[in-house]
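Hi everyone, thanks for making time for me today. I'd like to walk you through one protein, starting with the whole and then visiting some residues. Please have a look at it first.

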Amino acid sequence: MQLKAKSIAKGLVTRVPFLVRYANSHAAAEVTSRYYYSVWLRHLKLAGRVCTDTVPQCVAELGPGDSLGMGLAAMLSGADRYYALDRLRFANPSHNLRILDELIDLFRARAPIPGDEELPHVHPRLDDYRFPSEILDNARLDRALEPSRLERIRRAVSEQGETGGEIEIRYFAPWDDAAEIQPETVDWIFSQAVLEHVDDIQATYANLSKWLRPGGLMSHRIDYSSHGITHDWNGHWAVSELMWNITRGKRAYLINRLPHSAHLQALGVSGFSILLDLRTEGAPLTREFLSKSFQSLTSEDLGTTGAFILAKK
């Protein structure tokens, strides 16, 4: 059996009325400011390979979880407005203020991007982990790290709202009810290991397309593995619908089990052009073990453990 016993048990527990709230009360485990610094600069550096416009004024992050660290790193790179879009509201201001101060120190030092030795499980991988001074030159960083601007960012983190000036941080949860975001006002939307948890991927990409300006960018790292729910990295494709529903229980989210090709198709339907599609590969599951719902998966999908997708509207 592919499903781990603890995975089934967690799903069953969520069906107990007074316990279900605990299953949805926390995001992922806390990670360090160096992680957020590394992930944002990886996205930025890869975008710089194929785009000349890598100076967004307004950014949005899907699924920031416990920390707004990736969005704060984008603000320290020059963005003035940041929208945090999540399923539930996890982040707290005091934690994010600490992350912000640590990120400021990293940017001031032009620290190298933490790489594979420090963060072995983080993707996308780079060939060169030097600080991207070709994108974040001294003039751009001096403006971004100007003391009065940093103070406005701190105030925005504390208030998690408008600050009466050009610096703005807005939190939307649930994110798909973010009616206050005006269409075609966001320059760059990003996520890290989030889109595999979204139930309606087509509606999600349609919403992101609505908010993104023409010519705007999206960068997403998507993890197609079972996230430890099964014994094999791709064992979730061998689980029947009945057993998967039991494992899901009443959790607010779990992985959606969609393969890489489903995301590419949904992006195309929503009007996006793919600029980069960097896949990571693993040993495919033998087709005879696939459940009925996944018998039609292509060989490429079966061996794709994750991907970094950079797309343009």
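I'll begin with where the model comes from, then move to the overall picture, and then to single residues.

This is a predicted model, in which local features need pLDDT of at least 70 and side-chain atom pairs count only at pLDDT 80 or more, while totals for chains, interfaces and linings use all residues. Residues are numbered from 1 along each chain as its sequence is written, and side-chain values use heavy atoms, with hydrogens and water left out.

Let's start with the whole protein. Its secondary structure comes to 11 helices and 7 strands. Here helices (H or I, at least four residues) and strands (E, at least two) are DSSP runs, numbered from the N terminus.

How does the radius of gyration agree with that of a compact globule? For 313 residues, such a globule would have a value near 20 Å, and the protein has 20 Å, so the two agree. The radius is taken over C-alpha atoms, and the globule rule is 2.2 Å times the number of residues to the power 0.38. If you like to think in boxes, the C-alpha atoms fill one of roughly 60 × 45 × 40 Å, taken along the principal axes.

Of the 313 residues, 54% are buried. Buried means under 20% relative accessible area, exposed means over 50%, and partly exposed is in between (1.4 Å probe, protein chains only). The accessible surface comes to about 14,000 Å², and carbon and sulfur atoms account for 52% of it. Those areas come from the Shrake-Rupley method with a 1.4 Å probe, and for residues, only the protein chains shown count as cover.

What about contacts along the chain? Taking contacts between residues at least 6 apart in sequence, 79% join residues at least 24 apart. Contact here means heavy atoms within 4.5 Å.

Time to zoom in. Is histidine 43 buried or exposed? Histidine 43 counts as buried because its relative accessible area is 0%. The side chain of histidine 43 makes a polar contact with the side chain of serine 219, at 2.8 Å. A polar contact is a pair of N or O atoms within 3.5 Å; within protein, one must be able to donate a hydrogen and the other to accept it, and residues adjacent in sequence count only if both atoms are side-chain atoms. Not counting residues up to four places away in sequence, histidine 43 also touches others, including Met70, Trp188, Arg221 and Phe308.

That list takes us to arginine 221, found in strand S5 (residues 212-223). Arginine 221 has a relative accessible area of 7%, so it is buried. Leaving aside neighbours within four places in sequence, arginine 221 is in contact with a set of residues, among them His43, His123, Pro124, Ala193 and Ala307. Take alanine 307: it is 86 residues away from arginine 221 along the chain, yet their C-alpha atoms are separated by 5.7 Å.

The peptide bond from histidine 123 to proline 124 is cis, with omega near 5 degrees. Proline 124 sits in the loop between helix H5 (93-108) and helix H6 (138-144). Alanine 193 has a positive phi of about 55 degrees although it is not a glycine. You'll find alanine 193 in the loop between S4 and helix H8 (201-211), and it is partly exposed because its relative accessible area is 32%.

There is also a cis peptide bond from alanine 173 to proline 174, with omega near 0 degrees. Proline 174 is placed in the loop between strand S3 (168-172) and strand S4 (186-192).

Next stop, aspartate 80, in the loop between helix H4 (69-75) and strand S2 (81-85). With a relative accessible area of 15%, aspartate 80 is buried. Which side chain does the side chain of aspartate 80 make a polar contact with? That would be arginine 149, at 3.0 Å.

Finally, arginine 89 is in the loop between S2 and H5, and at 49% relative accessibility it counts as partly exposed. Arginine 89 and leucine 290 are 201 residues apart in sequence and 36 Å apart in space, C-alpha to C-alpha.
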